[in-house]
Amino acid sequence: QITTVSGNEFLLQSDIDFLILDWFHAIKNAIDRLPKEQRITSRNLEFKVRRSSSIELLNNLDTESKEPKPEHRKSLIFRLNYSASDTNDRNRVKSRLKKFISRRPSLKTLQEKGLIKDQIFGSHLHLVCEHEKSTVPQFVRLCIKAVERRGLDVDGIYRVSGNLATIQKLRFVVNQGNQWEDIHVVTGALKMFFRELPEPLFPYRFFEQFVEAIKIQDNTTRIKSIRSLVKKLPRPNYDTMKILFEHLQKIAAKESVNLMSTQSLGIVFGPTLLRPEKETGNMAVHMLYQNQIVELMLSEYSKIFGSEED
C-alpha cells in the first residue's frame with residue numbers, strides 16, 4: 001500500500017515473492033532518482049514486506065515499528081510519504097492506465113482463444129435449444145451440412161484433427177465462410193461442441209442403463225433394450241442424437257473411400273457422447289462399452305430410431 005501526503009493510496013499485492021521484490025526495487029529506484037530537495041528523510045520512509053511466516057524490514061528500521069503478521073496471504077505494503085509533485089503523479093498514473101487499457105485483449109480475441117465461452121459451447125443442450133426455439137442446435141446442423149456437402153469422401157474424416165486455433169475461431173464466426181474451408185476444422189468443432197456439453201448427449205442418469213443393455217448377449221434383445229432407452233431420452237437429446245447418427249451412418253456408408261467404419265466412428269465418438277458422471281477405476285472398461293454402444297447404434301440405426309412398424 002502506497003500512501004502519499006496528498007492522501008492518494010495505491011495497493012500492490014501478489015503471492016509471488018520475486019515479483020514483490022521487483023516492485024519494491026522499482027519504486028525504491030524511482031525515489032532515489034528524485035532531486036535531493038524532493039526526497040524525504042529516512043524517518044518518514046517505511047518499506048515492509050508482510051509474509052505469512054515472517055516480517056522483513058527492508059530499510060533496517062527499528063524493530064519496534066513491526067506490525068503483526070497476517071496469516072491469510074502474502075502482501076507487500078509500501079507506506080510512502082513524499083512531497084513530489086502531485087500533478088506529475090497523476091499524469092504518470094493516467095499514462096500507465098491508458099497503456100494498460102490499450103493493451104488489454106479484445107472480447108473477440110478472448111473468445112477466439114476459448115477463454116470466454118459463448119452461449120452455445122459449454123451450455124446445456126436443452127438451454128441452447130430453448131434459446132434457438134428448436135430441438136437440434138443450429139451449430140450442429142451447420143456442421144453436418146458442411147461435412148455432407150464436401151467431406152463424405154475425405155480420408156479419415158472425424159478421425160483427423162483440425163487446427164485447434166482455427167476451431168476456436170469457428171465457434172464464434174459460424175456465419176462467416178472463410179473459417180469453413182478446412183473440413184477437419186468443421187468436424188473438430190462439432191466434436192468439441194459435444195465434448196464441452198456440461199452433461200453429455202447421453203445423459204448421466206442413462207449411462208449405466210446403456211452399459212447394461214450393451215452387455216446383453218442376445219442381439220435382438222440388446223437392440224430392443226437400446227431402442228427403449230433412446231426413446232426415453234429428453235426431446236433435444238433424442239432429436240440431436242437422431243440427426244447426428246443419421247449423419248454418421250452416411251459417413252460409414254463411404255467406408256471404402258474415407259476409411260471410417262462404424263467401429264472407427266465408435267472409437268471417435270464413444271467417449272465424447274457418453275460418459276459416467278463420476279469416473280471410477282473402470283475407465284478402460286467403460287471406454288470399450290462406450291465405443292460398442294455407438295457402433296451398435298450406427299449399425300442398427302433403422303431399428304433403433306425407426307418407427308414401431310419398421
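This is a predicted model: local features need pLDDT of at least 70, side-chain atom pairs count only at pLDDT 80 or more; totals for chains, interfaces and linings use all residues.

Reader: Is Glu-300 buried or exposed?

Author: Glu-300 has a relative accessible area of 18%, so this residue counts as buried.

Reader: Which residues does Glu-300 touch, not counting residues up to four places away in sequence?

Author: On that basis, Glu-300 is in contact with Asn-219 and Ile-223.

Reader: And which side chain meets Glu-300 in a salt bridge?

Author: That of Lys-303, with an N to O distance of 3.7 Å. Lys-303 is partly exposed, because its relative accessibility is 47%, whereas Glu-300 is buried at 18%.

Reader: How many salt bridges does the count come to?

Author: The count comes to five. Among them is the pair of Arg-235 and Asp-239, whose closest N and O atoms are 2.5 Å apart.

Reader: Where do Arg-235 and Asp-239 lie?

Author: Both are in helix α10, four residues apart, or about one turn of the helix. In general, residues three or four places apart in an α-helix point the same way, because there are 3.6 residues a turn. Arg-235 is exposed, with a relative accessible area of 56%, while Asp-239 counts as buried at 14% relative accessibility.

Reader: What about Lys-215? With which residue does it form a salt bridge?

Author: Its partner is Glu-212, and the closest N and O atoms are 3.4 Å apart. Lys-215 is partly exposed, at 36% relative accessible area, and Glu-212 is also partly exposed, at 45%.

Reader: Turning to the rings, how many aromatic pairs does the structure hold?

Author: It holds ten aromatic pairs. One of them joins Phe-202 and Phe-210 in an edge-to-face arrangement, 4.9 Å centre to centre with 80° between the planes. Phe-202 is buried, having a relative accessible area of 0%, and Phe-210 likewise counts as buried at 0%.

Reader: What is the geometry of the pair that Tyr-238 and Phe-305 form?

Author: That pair is tilted, with the ring centres 5.9 Å apart and the planes at 45°. Tyr-238 belongs to helix α10 and Phe-305 to helix α14 (residues 301-305), so the pair ties together parts that are 67 residues apart in sequence. Tyr-238 counts as buried at 13% relative accessibility, as does Phe-305 at 4%.

Reader: Which residues do ring pairs link into a cluster?

Author: The cluster consists of Phe-202, Phe-210, Tyr-238, Phe-245, Tyr-301 and Phe-305.

Reader: Now helix α4, please. Which of its residues are buried?

Author: In α4 (residues 125-132), the buried residues are Leu-125, Val-128 and Cys-129. Viewed down the axis of α4, they fall within an arc of 95°, so they line one face of the helix.

Reader: Against what do the buried residues of α4 pack?

Author: They pack against α7 (183-195) and α10 (235-253). The face of α4 turned away from the buried side carries the exposed residues Glu-130 and His-131. Lys-133 follows α4 and has a positive phi, near 55°.

Reader: One last point: where does Cys-143 lie?

Author: Cys-143 is in helix α5 (residues 138-150) and counts as buried, because its relative accessibility is 0%. Between Cys-143 and Ile-183 there is a C-alpha to C-alpha distance of 9.2 Å, although they are 40 residues apart in sequence.

How values were computed. Residues are numbered from 1 along each chain as its sequence is written. Side-chain values use heavy atoms; hydrogens and water are left out. Helices (H or I, at least four residues) and strands (E, at least two) are DSSP runs, numbered from the N terminus. Buried means under 20% relative accessible area, exposed over 50%, partly exposed in between (1.4 Å probe, protein chains only). The arc is that of the directions from the helix axis to the C-beta atoms. Contact means heavy atoms within 4.5 Å. Rings of Phe, Tyr and Trp (its six-membered ring) pair if their centres lie within 6.5 Å; planes under 30 degrees apart count as stacked, over 60 as edge-to-face and the rest as tilted. A salt bridge is a side-chain nitrogen of Lys or Arg within 4 Å of a carboxyl oxygen of Asp or Glu.
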